[in-house]
Amino acid sequence: PPPQLVANCTGDAVVAHVMPFTLQNIRSENWRLREAATMAFCCILDGPTPEAIGNYVAQSVPVFVSALKDPQPIVKDTTAWTISRMCELHASSIPMEQYGGLLSGVTEPLLTESPTIAAHCCMSIFHLAIHFDSQDQPTSALSAHMRNLIQLLLQVTDREDWNEGNLRLTAYDAISMLIQHAALDSEPLFAELTPAILQKLADCMAMPVVSEDDKMAKENLQISLCSIILVLVRALSEEHLGQYADSIMMGTITIFETKNLALYQDAFLVTGAVADRLESRFERYQEKVHPAIVLGLKNREAYTVCNAAVCTLGDMCRALEGRIFKNCDELMMALLENLQDTSLNRSVKPTVLSCFGDIALALNGNFEKYVQVTLTMLSQASQTRAADEDEDSIEYLNTLRVGILEAYVGIVQGLKADNKQD
């Protein structure tokens, strides 16, 4: 809206012009004025510094939490959006003693209010998870609320009106963010959550598809569930990951077997994360995953999928080391074809070059059979030049050179391990 643009341009100066209107009308008996005052305040949150607007944010939290129960739906909707923006832009200005009331305020509408209001409340939780980032910390301000938050958000995903207002996807995004930024004391809860999410993925895979809308809804749900599984893989202890690794990879391999390339990118991310955590124990999944990696590497039209396949191959090389050798001819051929394909989006090529280094480090002396063709490709890539003063070209060239250097490092170190560096 135009007021947001004004706030972005003028910064602190806009506060003195808008806040008198907001303060005068935020409790008005006329619901239109209440809604307008709330909207005006929300529109100036992005622009002013915390020093200029922080006190107003701190004072407004109880008012807006109360307004979530306003008799007028439009006031509740605008209020929920405003709270979400406050949590996104000015969470540090909210006093710690108010967070309990704020969490109660945004969780209460999740199952009872309209999908739009519930989605705004999900986004408030999403932003608070980021604000209270406590990775690798013993506990956090959200730890005591974590079970209740995740249980409520899972119930939101099962609402009959989940397809309105992007509600289900927003709830899953909030769950992912809670897990990603959680403290260590929430890990047992995530171990309990994992089988439930895996069951949801299995149920999703079995969903019938009658229309194009069904197909899109199913794909979006699979992507959301893969995103949650990804953060769970990274959050679980070694013991719990070992307990669920087979089930996680079974679900991922089932996605690969559908040959639906639209889902491959997220499945690759899960596969790479599992490989990174399991290291050599990932070998038992290697043969099942290999066809999908090859298919992804050859999917040059969807370059993000291709890039994800290259990154996952790098993860597998670091995990499996020399065990990757039995499948290397086909993988190297696909990578080399990608470098030679002028139609492939150029952002993939630095990743491919870096992957050569991962393969070389994994194979050590066995990389000798690929050395000549790889060095030829690296030499050709090093001749690339950027257009003068073209920032995008210069940035790409730097990324390309990093990929070249990483490849050389991997090749030299890998060959040296078996005394073949000469």
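Contact here means heavy atoms within 4.5 Å. In this predicted model, Ile324 touches Gln286, Leu313, Met316, Cys317, Leu331, Ala362 and Leu363, leaving aside residues up to four places away in sequence. The points below place Ile324 in the largest nonpolar core, and then turn to the packing of helices H13 and H14 and to the loop residue Met207.

**Nonpolar core**

- The largest nonpolar core has 141 residues, and those that touch the most other members are Leu102, Phe282, Leu313, Ile324, Leu335 and Ile359.
- Helix H15, spanning residues 303-320, gives this core its largest share, namely ten residues.

**Packing of H13 and H14**

- Helix H13 (residues 264-278) packs with helix H14 (residues 286-297) at an angle of about 130°, and their axes lie 11 Å apart.
- On the H13 side, Tyr264, Phe268 and Thr271 meet Val289, Ala292, Ile293, Leu295 and Gly296 of H14.
- Sorted by class, this contact of H13 with H14 has six nonpolar residues and two polar ones, with no charged residues.

**Met207 and its loop**

- Met207 is found in the loop between helix H10 (187-205) and helix H11 (212-235), and its relative accessibility of 31% means that it counts as partly exposed.
- Leaving aside residues up to four places away in sequence, Met207 touches Lys218 and Leu221; Met207 and Lys218 are eleven residues apart in sequence, with 7.4 Å between them in space, C-alpha to C-alpha.

Note on methods:
Residues numbered from 1 in each chain as written. Predicted model: local features only at pLDDT ≥ 70, side-chain atom pairs only at ≥ 80, totals over all residues. Heavy atoms only, no water. Axes fitted to C-alpha atoms, helices over the stretch in contact; angles between N-to-C directions. Helix = DSSP H or I, 4+ residues; strand = E, 2+ residues; numbered from the N terminus. Nonpolar A, V, L, I, M, F, W, Y, C, P; charged D, E, K, R; others polar. Core = buried A, V, L, I, M, F, W, Y, C linked by side-chain atoms within 4.5 Å. Buried < 20%, exposed > 50% of the residue type's maximum accessible area, 1.4 Å probe, protein only.
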